[in-house]
Amino acid sequence: GLKVLASCLEGRPDRNVHVKMSEDFEPAVFDLFHQYLVSTRKSNSTNSALSMEEKKEREELVLQSLVSLKTIYTELSLVETFYAKYKQMQVLKKQSGETKRFDESLNGVGTVEVAWEGRVEAVSFPMPEDAQFLTGDTKQRFLITADLSTAEKRMKQILKAAPDFMAEMSQIFYLTQRSSFYRYIQANIVNIKWSMYGLVV
């Protein structure tokens, strides 16, 4: 259902479908479905009756639904009336402390803007499992050494650096999956560095 709605909205040269859908669907409808996905994700991770394969399959389904939901939110927010209602709902959520949970629930969903046929389109997608393992040092090194002065140069630099990024992320992901010691070190590296510094001083 959600994937069909997202497909109807994505990449359209006009906003006719957007306007019609924003009249037919309130943001609260999508919010209810979002809450359902979040609770499904949470129960999936704690359900000991499921095998690892079943958990992974369910997580992928939830993630695909969250991608579609993010696309719907992004596309329908182009319609002023929907956007106003959506923002009002977000203000109420912020007052009740739910905004952080909303943002956290979209972990694993990436969004990029793509120039397409003379306009900019936002595209949402599921992030690869190893995406979180790109180190801050690597990001910083890229930002310092890469020539980011124009869009064309940025694109060339990122395409040139992508194989190194992917290799690093894949290797760290592999190590965290295979070694509990590495997982511990990786999760606590900042504290370990400070401890070492304290011992030296």
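Q: How do the residues of the lining of the largest pocket divide into nonpolar, polar and charged?
A: This is a predicted model. Six lining residues are nonpolar, six are polar and seven are charged.

Q: What does rolling a probe over the atoms show?
A: The probe has the size of a water molecule, and rolling it over the atoms shows where empty space is left. In this model, the largest pocket holds about 790 Å³ of space.

Q: How many residues line the largest pocket, and which lie nearest its centre?
A: The lining has 19 residues. Nearest the centre are Lys56, Glu59, Glu129, Gln132 and Phe173.

Q: Which helices each supply at least two residues of that lining?
A: Helix H3 (27–46), helix H4 (52–76) and helix H8 (151–178) each do. H4 gives the most, with seven residues.

Q: What can side chains of opposite charge do when their charged atoms come close?
A: They can pair. The structure holds nine salt bridges. One of them joins Asp31 and Lys93, with the closest N and O atoms 3.0 Å apart. This pair links distant parts of the chain, 62 residues apart: Asp31 lies in helix H3 and Lys93 in helix H5 (residues 80–95).

Q: Are Asp31 and Lys93 buried or exposed?
A: Both are buried.

Q: Which residue forms a salt bridge with Glu129?
A: Lys56 does, and the closest N and O atoms are 3.9 Å apart. The cut-off for a salt bridge is within 4 Å. Glu129 sits in the loop between S2 and H7, and Lys56 sits in helix H4, so the bridge ties together parts that are 73 residues apart in sequence.

Q: Why does Glu129 count as partly exposed?
A: Partly exposed covers the range between under 20% (buried) and over 50% (exposed). Glu129 counts as partly exposed because its relative accessibility is 49%. Lys56 also counts as partly exposed, at 43%.

Q: Which residue does Glu121 meet in a salt bridge?
A: Its side chain meets that of Arg119, at 2.8 Å from N to O. Glu121 has 6% relative accessibility, so it counts as buried.

Q: Which residues form a nonpolar patch on the surface?
A: Ile189, Val190, Trp194, Tyr197, Val200 and Val201 do, and together they have about 710 Å² of accessible area. Take Val200 as the example. Val200 lies in helix H10 (residues 189–200). With a relative accessible area of 73%, Val200 is exposed.

Q: Where is the place of Phe133, and is the residue buried or exposed?
A: Phe133 is in the loop between strand S2 (119–126) and helix H7 (136–145). Its relative accessible area is 9%, so Phe133 is buried.

Q: How are the C-alpha atoms of Phe133 and Ile172 separated, in Å and along the chain?
A: Read two numbers side by side. Phe133 and Ile172 are 39 residues apart along the chain, and 6.3 Å separates their C-alpha atoms.

Q: How many Å separate the C-alpha atoms of Ala115 and Met52?
A: The separation is 39 Å, for 63 residues along the chain. Ala115 lies in strand S1 (residues 109–116). Ala115 counts as exposed because its relative accessibility is 71%.

Q: What are the two separations for Ala84 and Glu23, in sequence and in space?
A: They are 61 residues apart in sequence and 13 Å apart in space, C-alpha to C-alpha. Ala84 lies in helix H5, the helix that also holds Lys93. Ala84 counts as partly exposed, at 46% relative accessibility.

Q: Where is the place of Arg15?
A: Arg15 is in the loop between helix H1 (2–9) and helix H2 (16–24). With a relative accessible area of 30%, Arg15 is partly exposed.

Technical notes:
Residues are numbered from 1 along each chain as its sequence is written. This is a predicted model: local features need pLDDT of at least 70, side-chain atom pairs count only at pLDDT 80 or more; totals for chains, interfaces and linings use all residues. Side-chain values use heavy atoms; hydrogens and water are left out. Patches are made of residues with over 30% relative accessible area and no salt bridge: like charges are joined within 9 Å, nonpolar side chains (Val, Leu, Ile, Met, Phe, Trp, Tyr) within 5 Å. Accessible areas come from the Shrake-Rupley method with a 1.4 Å probe; for residues, only the protein chains shown count as cover. Helices (H or I, at least four residues) and strands (E, at least two) are DSSP runs, numbered from the N terminus. Buried means under 20% relative accessible area, exposed over 50%, partly exposed in between (1.4 Å probe, protein chains only). On a 1 Å grid over the protein atoms alone, a cavity is a set of points where a 1.4 Å probe fits but cannot get out, and a pocket is an open set with protein on both sides within 12 Å along at least five of seven lines; lining residues have an atom within 4 Å of a point. Grid points are joined across faces, edges and corners, and a volume is the space filled by probe spheres set on the points. Ala, Val, Leu, Ile, Met, Phe, Trp, Tyr, Cys and Pro count as nonpolar, Asp, Glu, Lys and Arg as charged, and the others, Gly among them, as polar.
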